[in-house]
Amino acid sequence: VRQLLPAGVDDLDLDAAYLADLRPALATRPWVVLNMVVSVDGATTVEGRSGGLGGTADHIAFAALRSVADVILVGAATVRAERYGPPRPSQIHQAQRVARGQSPFPRLAIVSGRLDLDLDSSLFTDSPNRPYVITSQSPTDPVVALEAIRARADVIGRGEGHADVAAALEALRDDGVEVVLCEGGPTLNDQLLAGGLVDELCVTIAPLLAGGTSKRMIAGPAPAQARSMRLDRVVEDEDALLLRYVRPD
Ligand SMILES: NC(=O)c1ccc[n+]([C@@H]2O[C@H](COP(=O)([O-])OP(=O)(O)OC[C@H]3O[C@@H](n4cnc5c(N)ncnc54)[C@H](OP(=O)(O)O)[C@@H]3O)[C@@H](O)[C@H]2O)c1
């Protein structure tokens with residue numbers, strides 16, 4: 001693994017690099033990291049899932065970012081497509097978390113309006129901690145009743161019609177959450193962009209031309225304002241590029 005920027009480093013300890021990055025929580029909401037993998041031509045999925053895109057370095061980055069997060073935020077469609085289970089950091093990452101004063105396991109926060117969630121999946125039945133479910137104040141026609149969800153998860157209801165993701169982040173901050181890692185998908189990411197809520201973008205560019213019609217990594221109506229980001233680090237491994245961008249301010 002080679003770091004190309006800010007300074008050239010051969011044999012970079014990628015895990016340590018992600019762990020050393022500063023992620024200060026704001027007063028009213030947590031620091032938000034968005035982590036995505038894309039092909040060189042911008043595809044976010046191969047055959048409907050992201051698994052075909054990531055290589056060794058991406059997996060290290062993925063695990064390192066999970067290990068620093070208090071909460072992993074994810075859209076319900078990604079939970080369904082990628083068959084999410086409970087996040088389980090390695091023993092070493094768990095020990096590091098405890099040494100930093102975090103719980104050994106990050107909590108998942110699933111954003112859903114329809115509440116089409118499989119409460120019998122390991123995500124809910126075999127998780128070391130309760131996931132959050134982020135939805136609107138009063139979801140209409142939920143596939144799974146809110147009361148059933150409440151039995152297995154902590155529900156954060158914010159917003160009319162759609163969940164208000166910004167308000168949900170404020171609620172997470174009130175719960176003591178300092179770092180949120182968003183793992184997509186593109187529809188959820190769009191709301192972070194629209195709200196000016198992306199503090200850090202970690203993106204792996206996989207050495208693949210995938211074609212297809214998958215969404216861009218942020219997909220939705222163009223925001224009122226495009227956001228500038230500052231390039232903080234460039235790493236290369238096996239022809240993949242791992243870019244870390246942060247907010248300029
Ligand atoms: N390349 C990568 O790094 C990467 C990362 C993640 C995902 N992916 C891929 O992206 C695809 C999924 O992305 P996507 O954009 O279709 O979906 P998504 O962002 O994962 O999830 C969209 C769903 O989240 C819920 N949701 C989002 N915002 C909401 C709001 N404000 N209020 C209520 N519910 C809200 C809704 O769930 P309900 O339908 O339950 O109401 C909506 O259908 C999958 O194929 C996955 O494999 C790729």
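What follows is a short chat about a predicted model and its ligand.

Q: What should I know about numbering and pLDDT before I start?
A: Residues are numbered from 1 along each chain as its sequence is written, and side-chain values use heavy atoms, with hydrogens and water left out. This is a predicted model, where local features need pLDDT of at least 70, side-chain atom pairs count only at pLDDT 80 or more, and totals for chains, interfaces and linings use all residues.

Q: Ligand first. How many residues surround it?
A: 28 residues surround the ligand. A residue is near a molecule if one of its heavy atoms lies within 4 Å of it. The closest are Thr78, Glu82, Ser112, Thr187 and Gln191.

Q: What classes are in that shell?
A: Nine residues are nonpolar, 13 are polar and six are charged. Ala, Val, Leu, Ile, Met, Phe, Trp, Tyr, Cys and Pro count as nonpolar, Asp, Glu, Lys and Arg as charged, and the others, Gly among them, as polar.

Q: Which polar side-chain atom lies 2.7 Å from an oxygen atom of the ligand?
A: One of lysine 215. A polar contact is a pair of N or O atoms within 3.5 Å; within protein, one must be able to donate a hydrogen and the other to accept it, and residues adjacent in sequence count only if both atoms are side-chain atoms.

Q: And which backbone atoms lie by a ligand nitrogen?
A: A polar backbone atom of valine 37 is 2.7 Å from a nitrogen atom of the ligand. For alanine 163, a backbone N or O atom lies 2.9 Å from a ligand nitrogen.

Q: How much of the ligand's accessible area does the protein cover?
A: 86% of the 920 Å² that the ligand has on its own. Accessible areas come from the Shrake-Rupley method with a 1.4 Å probe; for residues, only the protein chains shown count as cover.

Q: Where does the ligand sit?
A: In the largest pocket. On a 1 Å grid over the protein atoms alone, a pocket is an open set of points where a 1.4 Å probe fits, with protein on both sides within 12 Å along at least five of seven lines. A molecule sits in a pocket if more than half of its atoms lie within 2 Å of its grid points.

Q: Which elements give two or more residues to the shell?
A: β2 (31-39), α3 (76-81) and α8 (186-194). Helices (H or I, at least four residues) and strands (E, at least two) are DSSP runs, numbered from the N terminus.

Q: Which one gives the most?
A: α3, with five residues.

Q: Switching to the backbone. Where are the cis peptide bonds you have?
A: One runs from leucine 5 to proline 6, with omega near 5 degrees. Proline 6 lies in the loop between β1 (2-5) and α1 (14-20). Another joins glycine 184 and glycine 185, with omega about 0 degrees. Glycine 185 is in the loop between β7 (179-182) and α8.

Q: Why flag those?
A: Most peptide bonds are trans, and most residues other than glycine have a negative phi.

Q: Which residues have a positive phi without being glycine?
A: Glutamate 47, at about 55 degrees, and glutamate 238, at about 50 degrees, are among them. Glutamate 47 lies in the loop between β2 and α2 (56-68). Glutamate 238 is in the loop between β9 (230-237) and β10 (240-246).

Q: Is glutamate 47 buried or exposed?
A: Exposed, because its relative accessibility is 80%. Buried means under 20% relative accessible area, exposed over 50%, partly exposed in between (1.4 Å probe, protein chains only). Glutamate 238 also counts as exposed, at 56%.

Q: What about glutamate 236, buried or exposed?
A: Buried, at 16% relative accessible area. Glutamate 236 is in strand β9. A polar atom of its side chain lies 3.0 Å from the backbone nitrogen of aspartate 239.

Q: And what does the side chain of glutamine 3 reach?
A: The backbone oxygen of alanine 7, at 3.0 Å. Glutamine 3 lies in strand β1 and is buried, at 10%.

Q: Last one. How far is leucine 192 from valine 32 in space?
A: 8.8 Å, C-alpha to C-alpha, although they are 160 residues apart in sequence. Leucine 192 sits in helix α8 and counts as buried, at 0% relative accessibility.

Note on methods. On a 1 Å grid over the protein atoms alone, a cavity is a set of points where a 1.4 Å probe fits but cannot get out, and a pocket is an open set with protein on both sides within 12 Å along at least five of seven lines; lining residues have an atom within 4 Å of a point.
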